[in-house]
Amino acid sequence: MTSTELTPESVPRAQGMPMLGLGTWENEDPNQCADSVRTALETGYRHIDTAQAYGNEDAVGEGIAAADVDRDEIFLATKVWISNLDYEDVLETTQESLDRLGTDYLDLLYVHWPSRTYEPGSTLEAFDELYDEGTIRNIGVSNFEPRHVDEAREHLDAPIFANQVETHPMLQQRELREYAREHDIEIVAYSPLARGDVFEIDVLSEIAEKHGVSEAQVSLAWLRESDVTAIPKATSEAHIRDNWESLTLELDEEDLRKIDSIDRTRRKVDPGFAPW
């Protein structure tokens with residue numbers, strides 16, 4: 001497949017979720033954020049990820065409204081911040097997110113971190129309620145270790161659809177990926193380019209040169225081949241398109257073996273309230 005042949009239908013899906021999306025963390029300039037969302041959708045992306053904590057849900061909504069793409073073609077996800085995870089706050093702030101995004105439903109709503117006001121019983125009761133009334137179509141968790149997912153599954157009536165965690169060739173999350181396979185949970189990778197560090201890894205550079213692509217495309221193709229959905233942040237049209245063209249890259253077994261064998265571990269997101 002060539003880049004000119006790529007369409008929204010070219011993107012593999014995991015239980016209906018496009019496996020390549022646009023992340024918007026730290027895309028804080030409203031005009032730039034709205035423009036990047038519009039550009040991504042018009043390029044062919046159909047998965048947009050944001051969060052209450054990013055402070056850009058208004059701009060994401062503006063970008064969706066500006067794009068010539070129907071809402072029902074878009075897989076839209078946001079996350080409830082750690083200060084809003086009491087039962088009443090989940091319900092109230094989710095409605096505020098809907099208003100900012102200009103939609104009446106979400107395809108996926110995450111618990112952003114198992115931290116601060118998170119109490120599995122009351123927090124997840126509110127998520128179940130939103131799921132049952134159709135306000136959210138899937139429930140996700142983010143930055144959960146297997147023990148947290150086990151606990152959440154005990155409290156939820158609805159299934160856990162996805163766990164969004166930092167994943168890239170220097171943080172391969174083998175235990176979480178195995179756990180997810182066993183329990184039919186999708187892994188969604190944030191910071192899939194290790195916040196730019198993938199450009200400094202010799203193995204990735206060698207594979208990129210071999211295929212005539214960027215290191216970013218190699219990292220995204222490796223994630224896809226590993227059954228992981230990726231949501232790289234990109235603001236410029238050039239970067240949005242470079243990530244999009246990763247869909248044309250097919251890594252061979254030798255490429256995959258080399259990347260799987262990378263023994264450097266580098267976690268890029270590690271706040272003080274992280275559960276690990």
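Strand S4, helix H2 (residues 57-66) and strand S5 make a right-handed β-α-β unit. Helices (H or I, at least four residues) and strands (E, at least two) are DSSP runs, numbered from the N terminus. A crossover counts as right-handed if, with the strands pointing away from the viewer, the path from the first strand over the helix to the second runs clockwise. The model is predicted, so that local features need pLDDT of at least 70 and side-chain atom pairs count only at pLDDT 80 or more, while totals for chains, interfaces and linings use all residues. Residues are numbered from 1 along each chain as its sequence is written, and side-chain values use heavy atoms, with hydrogens and water left out.

S4 (residues 47-49) and S5 run parallel and are joined by three bridges; two strands pair if DSSP finds at least two bridges between them. Across this pairing, Asp49 stands opposite Ala77 in S5. Six of the six residues of S5 are buried, so this strand is largely enclosed by the rest of the structure. Buried here means under 20% relative accessible area, exposed over 50%, and partly exposed in between (1.4 Å probe, protein chains only). On one side of S5 lie Phe75, Ala77 and Lys79, and on the other Leu76, Thr78 and Val80, so both faces are covered.

S5 (residues 75-80) is also joined to S6 by four bridges, again in the parallel sense. Tyr110 in S6 is the bridge partner of Lys79. S6 pairs in parallel with strand S7 (residues 139-142) over three bridges, and Val111 has Val141 in S7 as its bridge partner. With helix H4 (residues 120-132), S6 and S7 form a right-handed β-α-β unit.

Helix H8 (residues 215-225) is mostly covered, with 10 of its 11 residues buried. Among them are Gln217, Leu220, Ala221 and Arg224. The buried residues of H8 pack against helices H6 (174-183) and H7 (202-211), strands S9 (186-190) and S10 (228-230), and also H9 and H10. Just after H8, Asp227 takes a positive phi of about 65°.

Ser246 is found in the loop between helix H9 (237-244) and helix H10 (253-260). The residue is buried, with a relative accessible area of 1%. Leaving aside neighbours within four places in sequence, Ser246 is in contact (heavy atoms within 4.5 Å) with Leu20, Gln217, Leu220, Ala221 and Arg224.

The largest pocket holds about 660 Å³ of space. A pocket is an open set of points, on a 1 Å grid over the protein atoms alone, where a 1.4 Å probe fits, with protein on both sides within 12 Å along at least five of seven lines; lining residues have an atom within 4 Å of a point. The volume is the space filled by probe spheres set on the points, which are joined across faces, edges and corners. The lining has 35 residues, of which Trp25, Ser191, Arg195, Pro232 and Lys233 lie nearest the centre of the pocket. H9 gives the most to this lining, with three residues.
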